Amino acid sequence: MAKLTVLTLVLGLALFRDHRSSYLTRKNASQVKLVELPNCKLGKGIETGSEDLEIRNGLAFISSGLKYPGIKSFEPDKPGKILLMDMNWIMSTVEEDTTVLELRITGSNFDLSSFNPHGISTFTNEDNTVYLLVVNHPDFKSTVELFKFQEEEKSLLHLKTIKHKLLPNLNGIVGVGPEHFCAINDHCFVDPYLRSWELYLGPAWSFVVYYSPNEVRVVASGFDFGGINISPDGKYVYISEVLAHKIHVYEKHANWTLTPLKPLDFNTLMDNVSQDPVTGDLWVGRHPNGMKIFFYDPENPTGSEVLQIQKILEEPKVTVVAENGTVLRGSTVASVYKGKLLIGTVFHKALYCEL
């Protein structure tokens, strides 16, 4: 009983801190501009989350159906799935139908019943083969599933399951080769009780790992849980921290060592990061109220906010795109393609907007 009381107290203090942080961002008017969402439509067929997404040549790959300790799930007894939204088609049709397609998964060695997708990333080979790397949590463990995207069949061929002792609690991932990736662990401990203490006390013991078939090593450490991405030119790595409210910018070297360049504090709960390959702007999903993520109330839902960060390597200019939860709840990721914005959520829907 004493352990439970102490843990509840610590949880309350941590979530109060996160709730307060969303107001600090709004008060910093010299750095942040707050705007409402533009013309938007919900993605048809996305009902159980869109926790991570990546757009490749107009095709948006979306992970859906995440089951994660302490987070709401609308289909707790069903496996997760990978969805596909063709943004080129949406932009070419008058009706702008945002219907998504569930990608069929094939492969005799893959257990679809325990599929629990989290972070995702794509990599395109020189022969234009598209590979999809997916963080998976079967039975709340961590693996990376490697798929080959078969566009004509609208399916994913499972090629390989990757496990390693340095990949115990994966969250975000960025593919840099067919079997090469960089990923962030969102906890150090595997035991659920110890993970809870680690989350609420925030000791920043999470770490980033570079994986290849020939080498696996830690390349950065000292984070709480968050997201990771790499610039389109491969020169920089961006790491977000949810509870520390930061984005770290690293210079990436050819041997996959990382040199820290700058940390940026945004006084809000930062999640997954993507970068516009045209403008260089970062787009970050963020949580305006951490308490409402862990204690979901449909009568008083959490809202959704997205940060657009311009000139990240210079003097950043920040715009906050916000929605109060009436339409979209619990934003985790955002990505742009040809003037269109796609926003994903941890357990809710996805939103397609015109910028």
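The following questions and answers concern a predicted model.

User: How are residues numbered, and what limits apply to this predicted model?
Analyst: Residues are numbered from 1 along each chain as its sequence is written, and side-chain values use heavy atoms, with hydrogens and water left out. Because the model is predicted, local features need pLDDT of at least 70 and side-chain atom pairs count only at pLDDT 80 or more, while totals for chains, interfaces and linings use all residues.

User: Which residue of strand 4 is the bridge partner of E54?
Analyst: Strand 3 runs antiparallel to strand 4 (residues 59–64), and five bridges join the two. Within strand 4, the partner of E54 is F61.

User: Is E54 buried or exposed, given its salt bridge with R56?
Analyst: A salt bridge is a side-chain nitrogen of Lys or Arg within 4 Å of a carboxyl oxygen of Asp or Glu, and the closest N and O atoms of R56 and E54 are 3.5 Å apart. Buried means under 20% relative accessible area, exposed over 50%, and partly exposed in between (1.4 Å probe, protein chains only). R56 is partly exposed at 26%, whereas E54, with a relative accessible area of 17%, is buried.

User: What is the N to O distance in the salt bridge of K160 and E179?
Analyst: K160 lies in strand 11 and E179 in the loop between strand 12 (170–177) and strand 13 (180–185), so that the pair links distant parts of the chain, 19 residues apart. K160 counts as partly exposed at 30% relative accessibility, and E179 likewise counts as partly exposed at 25%. Their side chains meet with an N to O distance of 2.7 Å.

User: Where is W256, a residue with a positive phi although it is not a glycine?
Analyst: The phi of W256 is about 65°. W256 counts as buried, at 6% relative accessibility. Its place is in the loop between strand 18 and strand 19 (258–265).

Methods. Two strands pair if DSSP finds at least two bridges between them. Helices (H or I, at least four residues) and strands (E, at least two) are DSSP runs, numbered from the N terminus.
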